[in-house]
Structures are given as C-alpha cells and as structure tokens.
Amino acid sequence: MKRILLAMTAVLLTSAMSVSAQIQRPRLVVGIVVDQMRWDYLYQYYDMWGSGGFKRLLGEGYSCANTMIDYVPTVTACGHATVYTGTTPAIHGIAGNDYMLNGQPTSSVKDTTVTGVGTTGKVGHRSPRNLLVTTLGDQMKLATRDQARAVGISLKDRAAILPAGHGADGAYWYDNDTHQFVTSTYYRTELPKWVKDFNKSHKKQLARDVWKDPVGVTMTFGMARAALKAEKLGHDAVPDLLAISVSTTDAAGHEFGAMSAEMTPIYAQLDTELAELLKVLDKEVGQGNYLVFLTADHGGTYSEPHMQARRMMSGRFYSNTTLEETNAQLQHRFGVADLLRTQMGYTFYLNNEAIARAGLDRDAVKTAIVDIMGNRPEVMWAVDAERVNEASIPQEIRERIIKGYHHKRSGEIFVMPVTGYYSSWSGDERGTQHGSWNQSDSHIPLLFYGWHVPHGEKTALTHMTDIAPTVCAMLHIQAPDGCLGQPIEF
Ligand SMILES: [Zn+2]
C-alpha cells in the first residue's frame with residue numbers, strides 16, 4: 001500500500017512538474033522583411049545563392065509558397081504593419097505610405113509631438129502612434145510581463161518603427177542628411193552608445209548611396225548584428241524580437257527595375273548577409289533556439305520596357321493625369337471644380353466640402369467618378385470603396401478592397417489598373433512599381449526557419465495576415481488585438 005502511494009505521489013509530482021515547467025519558447029524571434037521581394041526571386045536567383053543564406057532557409061526550413069497579401073494597396077507601410085499585426089489597413093489604420101489623417105495628408109509614421117535623436121531633420125518626427133493595434137512585439141511584452149525586448153532596424157523609418165511596435169525598446173532608421181542611424185524621442189532622449197559607435201565606425205559606408213548600392217544591405221545587417229549583441233537579444237529564456245527590414249531592394253528596384261543587372265549584386269549581398277546573420281545567431285543564441293521568418297512587404301511589377309520587349313502586356317497608369325481629367329469631366333457634368341480632392345497612388349479622395357457646399361448628391365458624384373475612371377483604357381475597374389458590394393468584380397478583389405479601406409483615412413475611390421499596367425509616380429522608364437492586387441505585387445515569399453520548424457513546403461493559400469498569429473501560436477501568446485489571420489500549420 002505504502003509503495004503504491006509513493007508511486008502515485010511520484011506520478012502526481014511528475015505531472016505537476018511537467019505542467020509547471022517553463023513554457024517552451026524560442027529565445028529569439030527574428031523577423032526579416034525584404035522590401036519589394038517578389039516570391040519568384042527565390043528561384044530567379046536560386047543558382048546565385050550560396051549554401052548558408054536563402055538555400056539554408058529553403059533547404060532546412062518551411063516555405064509557404066502561395067502567400068498572398070490580402071488587401072490593397074500593396075505598399076511598404078501597409079505591408080510592415082500587416083506582417084507584425086496580422087491585420088489589414090481597414091483595422092490597423094496604416095492606409096498607405098501616405099494618407100489623410102483628420103483631413104490632412106500625413107505619412108504613415110509621422111508624429112510632430114516627437115523630435116529626432118541623432119538628427120534635427122524631419123525624419124526624426126516619427127513614431128508608431130498612427131498604428132491603431134498591438135503588434136507581435138507588443139504581445140510578446142504583454143505575455144512576459146515586459147521581459148521580452150523588441151528592436152527594429154531598417155533604412156526606412158516606417159520599416160523600423162511599425163515592426164518594432166508601440167512598446168519597442170528601440171527602432172533605428174537612416175537619416176539622409178547626417179548619413180547615420182537615428183531614432184526619435186518617442187523611444188529615448190539620446191542615441192545608445194552602440195548606435196553611436198556603429199555610426200562612427202561605418203562613417204564611410206554610411207556616406208555612400210545606401211539606397212541603391214549593396215552597401216545599404218550590409219549596413220542594415222551590420223546594425224542588426226550590433227543590436228543583437230548590445231541589447232542582449234536572445235540571451236535568456238524569455239523570447240525577444242529583432243525586426244530587420246531591407247530597404248535597398250525597394251529603392252533600387254524602383255530605379256533599375258525587376259531582374260535588371262543592377263539588382264543582382266544587391267540580392268547576392270542580401271544572401272551573404274543572411275548567411276552571416278544565421279552564423280552569428282548560431283553562435284550567440286544557439287542553433288535551434290531562435291525562430292526566423294522571412295517575407296516581403298509587397299512584390300513588384302516588371303517595367304514597361306521589360307515587358308514590351310517580350311510583346312507582353314504592360315503600360316502606365318498616371319494618377320495625376322487621371323485626377324485632372326476626371327475633375328474636368330466632373331466640372332462639365334456638375335458645374336463644380338475639383339470634386340476630387342487628391343490622389344494617393346491608386347486611391348482617390350473626394351472633395352466632400354465642395355460636394356456639400358454645392359449641395360450635390362454625394363452618391364451621384366461617386367457614380368460619375370466610377371463611370372469616368374472606369375472607362376479609361378488603362379483602368380480595369382474604378383470602385384466606390386463605400387459600396388464595394390455593388391461592384392461587379394471578383395470576390396477576391398472585392399475582399400482586398402474592403403480589407404484595405406480605412407473609412408476615416410483612405411480615399412473613397414479605389415482604382416485597379418489593367419493587369420500589367422502600373423502607377424507611374426516616379427516617371428522612370430526601367431523602374432519597378434507596386435501597389436496593385438495582381439500576382440506581381442501581392443505574391444510574397446514566406447519562409448520559416450529554426451525553432452520547432454520542420455522542413456517542408458505548402459502550396460495551399462496562406463496570407464500575409466497569417467504570419468503574426470503563426471508566430472504567436474508557436475510562442476503560446478495571444479495574437480495581436482486586431483488580428484484577422486490564422487496560424488499556419490506546418
Ligand atoms: Zn516601393
């Protein structure tokens with residue numbers, strides 16, 4: 001009897017212990033966003049990759065090969081916000097790189113209540129305050145009673161700030177005037193010593209054209225490795241977040257175009273830096289102790305010369321011309337000038353004051369706009385975002401408009417150009433553009449690697465909004481508050 005009791009006590013003790021033992025979590029989550037990386041670049045550049053970077057992620061990790069962005073517009077600020085919140089512009093509020101806020105145009109991370117640290121320029125007036133929901137890093141902090149740390153690094157302000165979250169320990173981005181990494185008073189009042197040291201010891205490289213030269217990739221990863229060490233990320237059992245975003249791929253893509261000769265050394269350098277980062281993580285955090293995901297904020301369309309040389313569909317959509325010509329026709333019809341207030345890429349804002357002042361029927365004006373714009377040869381559909389359900393468009397696109405439309409910040413009219421056509425606000429001939437719903441712009445790579453990630457590939461549909469809930473499910477923490485996505489099963 002005594003022996004049985006002892007045995008039972010032992011069983012009870014073991015089960016109690018297995019319940020109270022530490023929650024299984026990685027020491028570090030590393031999020032890598034490659035700005036403007038099309039999914040097919042994984043394979044277009046495959047022969048060029050070395051063994052330690054992309055090939056290591058593809059060969060040992062898990063690829064979600066059919067990951068789509070589930071909203072429009074497919075641009076940088078929306079993408080970074082969505083990856084780290086699991087929700088879309090309709091809810092997280094980052095309705096574009098630029099959008100209207102309280103009737104005034106703003107950029108996604110502009111915040112005039114804070115100032116620069118390391119810069120006196122406007123690039124210092126930045127914070128995540130326009131983001132309306134919690135992020136992956138925020139949830140990690142909430143779940144660990146603030147012990148998790150979160151740091152964001154990128155050349156672009158929005159690509160460092162939005163991924164790092166509201167509760168971030170730091171976000172660092174590049175200042176074109178001082179040629180160094182800076183932050184804002186939202187985070188701290190002085191640059192940490194390790195950032196000052198990095199800026200000082202890389203003065204020469206940082207003074208080069210980091211936006212269009214492979215050196216920009218090197219500087220981004222250099223800062224990330226410096227942050228890893230100095231901020232002691234992944235040094236204990238509590239998971240930390242290191243959010244890295246590579247901007248050079250986007251700026252250079254806009255300039256030189258998808259699959260141009262100039263992009264090759266940039267992606268080669270990215271692969272080299274990725275391999276180096278993984279090596280450092282193996283050493284500092286330990287193989288199997290960290291979880292990496294790599295994705296993109298959007299893809300990119302092949303340029304007009306590239307496509308036309310192959311007799312394939314391509315052309316331009318000119319937002320400003322469209323705005324002016326539509327306004328002229330509206331004036332002819334309604335007798336009021338400037339009934340469209342402004343455009344931001346593929347979205348157009350009504351001049352609600354002018355409509356009200358003239359006593360016009362707002363719906364009639366919108367119907368006329370949809371009619372006028374929809375008849376342009378380069379436009380497939382113009383859609384009244386407030387009445388999407390009445391538009392005769394495929395359900396998949398309808399849903400992306402609904403998810404991309406923030407009713408206080410977005411323009412009322414969404415334009416979908418003919419496939420292959422793209423908005424030309426930079427005007428350059430060879431450059432890539434993005435923002436549309438099509439495969440080029442919205443099919444993104446999604447690779448998971450490391451802690452509890454098996455080797456494999458999934459071709460079933462997954463979404464950009466699934467990334468954050470997948471990481472949260474793996475960590476046994478609550479998904480961000482506005483999350484719409486689903487955890488991906490490996
Ligand atoms: Zn871009």
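I count a residue as buried if 20 or more other C-beta atoms lie within 10 Å of its own, as exposed if 12 or fewer do, and as partly exposed in between. The model I am reading is a predicted one, and these entries keep to what I looked up in it.

I began with the backbone, since most residues other than glycine have a negative phi, and most peptide bonds are trans. His179 has a phi near 55°, a positive value in a residue that is not glycine, and I found it in the loop that runs between β8 (170-175) and β9 (180-184). Is His179 buried, exposed or partly exposed? I find 16 C-beta neighbours inside 10 Å, so His179 counts as partly exposed.

Asn102 also has a positive phi without being glycine, with a value near 50°, and its place is the loop between β4 (98-101) and β5 (104-107). Here I find 7 C-beta neighbours inside 10 Å, and Asn102 therefore counts as exposed.

**Entry: a cis peptide bond**

I then looked at omega and noted that the peptide bond between Val72 and Pro73 is cis, with omega about 5°.

**Entry: α4 against α7**

Two packed helices are described by the angle between their axes and the distance between the axes. For helix α4 (residues 76-85) and helix α7 (residues 157-164), I note that the axes come within 8 Å and cross at roughly 20°. Angles under 35 degrees count as roughly parallel, and α4 and α7 are therefore roughly parallel to each other. I recorded the crossing of α4 and α7 as right-handed. On the α4 side the contact involves Thr76, Ala77, His80, Ala81, Val83 and Tyr84, which meet Arg158, Ala159, Leu162 and Pro163 of α7. Sorted by kind, the residues of this contact between α4 and α7 are 7 nonpolar, 2 polar and 1 charged.

**Entry: α10 against α12**

For helix α10 (residues 215-230) and α12, I note that the axes come within 9 Å and cross at roughly 10°. That angle makes α10 roughly parallel to α12. From α10 the contact takes in Val217, Thr218, Phe221, Ala224, Arg225 and Leu228, and from α12 it takes in Ile266, Gln269, Leu270, Glu273, Glu276, Leu277, Val280 and Glu284. The residues of the contact of α10 with α12 comprise 8 nonpolar, 2 polar and 4 charged.

I also checked the length of each helix. How far apart are the end C-alpha atoms of α10? They are 22 Å apart, which agrees with the 22 Å that its 16 residues should span at 1.5 Å a residue.

As for burial, α10 is mostly covered, with 12 of its 16 residues buried, including Val215, Met219, Phe221, Met223 and Leu228. In α12 the buried residues include Met263, Ile266, Tyr267, Leu274 and Val285, and Asp271 and Glu273 are among them too. Just after α10, I noted that Lys232 takes a positive phi of about 50°, whereas α12 is followed by Gly288, with a positive phi near 90°.

**Entry: the covered helix α11**

Helix α11 (residues 248-256) is mostly covered, since 8 of its 9 residues are buried. I list these as Thr248, Thr249, Asp250, Ala251, Ala252, Gly253, His254 and Phe256. Which elements cover the buried residues of α11? The cover includes β1 (28-34), α4, α10, β10 (240-246) and α12. After α11 comes Gly257, with a positive phi near 95°.

**Entry: two separations**

From Asp250 I turned to Glu390, which is 140 residues away along the chain, and the C-alpha atoms of the two are separated by 36 Å. Glu390 sits in the loop between β15 (379-384) and α17 (395-404), and counts as exposed because 9 other C-beta atoms lie within 10 Å.

The other pair is Arg316 and Arg145, 171 residues apart along the chain, with 51 Å between their C-alpha atoms. Arg316 lies in strand β12 (residues 315-317) and is partly exposed, with 16 other C-beta atoms within 10 Å. Leaving out residues up to four places away in sequence, I find that Arg316 touches Glu304, Glu378, Tyr421, Tyr422 and Ser424.

Notes: Residues numbered from 1 in each chain as written. Predicted model: local features only at pLDDT ≥ 70, side-chain atom pairs only at ≥ 80, totals over all residues. Axes fitted to C-alpha atoms, helices over the stretch in contact; angles between N-to-C directions. Helix = DSSP H or I, 4+ residues; strand = E, 2+ residues; numbered from the N terminus. Parallel < 35°, antiparallel > 145°, perpendicular 65-115°, else oblique. Left-handed = near helix turned anticlockwise from the far one by under 90°. Contact = placed C-beta atoms within 7 Å. Nonpolar A, V, L, I, M, F, W, Y, C, P; charged D, E, K, R; others polar. Expected span 1.5 Å × (residues − 1).
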